[in-house]
Amino acid sequence: TSMAKRKKNQKIRTNFKHGYESRTRKNDLTRQFDETQFSEDDVQFKERVSGKGDLAKKRTIRGQEVQTETGTDFLLEIDEENCLPGQVLSVHGLNSFVEDKQGYIYQCATRKLLKTLSTDQRHIVVAGDQVQFRPVQTRGAKENDSQTSSPPPTHFREGLIVRVEPRFGTISRTSRNRQHVIATNIDQIIIVSSAAMPDLKPHLIDRLLLTAEKSRIRPIICINKVDLVDPALLQAVVGLYAQLGYDVWLISVVTGLNLNRLRTLMTNKRTVVVGQSGVGKSSLLNAIQPELGLRVGHVSSENQKGRHTTTSAQLLKLDFGGYIVDTPGIRQFELWDVIAEEVAGFFPELRPFSQKCRFPNCTHTHEIECRVKDAVADGDLDLRRYESFRQICDDAATGS
Ligand code: GDP
Ligand code: ZN
């Protein structure tokens, strides 16, 4: 059986690596994951449900503990022969819509054991999850009458999710100390702002960048409506973000400037589009793929009217490959549960200076001796970015 185990582990590794390599930026945690995971040891998993549920206590579950960005995950050992890999497009209450590799969509329930295993996540399965699921026979398509009945239509396919793979690039918020995962396995966040109407708001870009940094998702900054201004006026802000290492694009939905470039960036990626209302997110999505903006808009407008569905997020397919991940309210999303002490860590350019501050717990705000403040005074750090930092710290401290 050790051969079989080895093979199984190997397979998991392959699946995982595939997703991993598509990322453009490695962070320490994922690197650590890459190096240390998938030891050949199977662990015997017992009772992590902290005293709750007799069922879980009595059960010994086979699988592997794996380290993820957010903590320890548990990979159930499953009967892969009878399973298909898929991705969750959306979740509606107890049902998830799962797309297999061929593009068929299955309406899936979730294995009870997975619910037992889940401790700190409100949703066991969320949009973007990579899952293993077991297709189930649907009514009217029993094996013994396959001769006489036609195969079930695609909308009738059903399945059971038996495993959720570790998540990377998760958007979540916390309510009452519980993490609420909204969508996962997101490759990038396109931060849309506009050069005019509404005016460019670099502080808002900074806030959204911080959210991306916190979520460990690659941000791409787009400044739209550049047809309305003299591009020379944007050079300073573009230069600043580019210098900080961020991808920044001047675009115009009206003239089509750089839209092809954006399409290329979105190809085969899962992208979230965020930004203030009116900057042109729907227009951009419609330009990328007709009707997409409308479909996206439909979700949020429905939600605003209070006709709340249980849909937390959905993956919308791009014709050229990839997905737009959209959630009611996701596009105006801002800082989620950032605490003042961690804000500095999400401003990459502060790091070289903050490390040299006299006090290790320096907040870089009111302290008299502070290398960060010195750097701002000397012009080594951008004053406007520093002001963003201060503002975000203040907001985090006051909980706004
Ligand atoms: P959203 O709220 O971010 O989804 O913004 P919309 O897509 O609804 O766009 C808001 C307004 O900006 C609409 O009137 C669009 O026609 C306009 N708009 C979008 N992109 C551009 C652009 O590149 N240039 C100009 N001049 N107007 C644009
Ligand atoms: Zn300091």
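These legends describe close-up views of a predicted model. Local features need pLDDT of at least 70 and side-chain atom pairs count only at pLDDT 80 or more, whereas totals for chains, interfaces and linings use all residues. Residues are numbered from 1 along each chain as its sequence is written, chains are lettered from A and ligands numbered from 1 in the order written, and side-chain values use heavy atoms, with hydrogens and water left out.

**View 1. Four protein donors hold the zinc ion (ligand 2).**
The donors are Cys357 (SG), Cys362 (SG), His364 (ND1) and Cys370 (SG), at 2.1 to 2.3 Å. Donors are N, O and S atoms within 2.8 Å of the metal (3.2 Å for Na, K and Ca); water is not among the atoms, so sites may look incomplete. The site is tetrahedral, with angles of 100 to 118 degrees among the four donor atoms; for four donors, that label requires all angles between 85 and 135 degrees. Along the chain the donor spacing reads C-x4-C-x1-H-x5-C. Cysteine 357 has a relative accessible area of 9% and is therefore buried. Histidine 364 is buried too, at 6%. Buried means under 20% relative accessible area (1.4 Å probe, protein chains only).

**View 2. Ring pairs link Phe347, Tyr386 and Phe389 into a cluster.**
Rings of Phe, Tyr and Trp (its six-membered ring) pair if their centres lie within 6.5 Å; planes under 30 degrees apart count as stacked, over 60 as edge-to-face and the rest as tilted. By this rule there are three aromatic pairs. One of them, tyrosine 386 with phenylalanine 389, is tilted: 5.7 Å centre to centre, 35 degrees between the planes. These two residues are about one helical turn apart because three residues separate their positions in helix 13 (residues 383–398). Helices are DSSP runs (H or I, at least four residues), as are strands (E, at least two), numbered from the N terminus. Both tyrosine 386 and phenylalanine 389 are buried.

**View 3. Ligand 1 has 15 residues around it.**
Asp227, Val253, Gly278, Ser282 and Ser283 come nearest. A residue is near if one of its heavy atoms lies within 4 Å. A polar side-chain atom of aspartate 227 is 2.8 Å from a nitrogen atom of the ligand. A polar backbone atom of valine 254 lies 3.4 Å from an oxygen atom of ligand 1.

**View 4. Arginine 157 lies over the face of tyrosine 104.**
The distance from the ring centre is 3.8 Å. A charge sits over a ring if NZ of Lys or CZ of Arg is within 6 Å of the ring centre and within 35 degrees of the ring normal.

Note on methods:
Buried < 20%, exposed > 50% of the residue type's maximum accessible area, 1.4 Å probe, protein only. Tetrahedral: all angles 85-135°; square planar, octahedral: opposite > 155°, others 65-115°. Polar contact = N/O pair within 3.5 Å; in protein donor to acceptor, adjacent residues only side chain to side chain.
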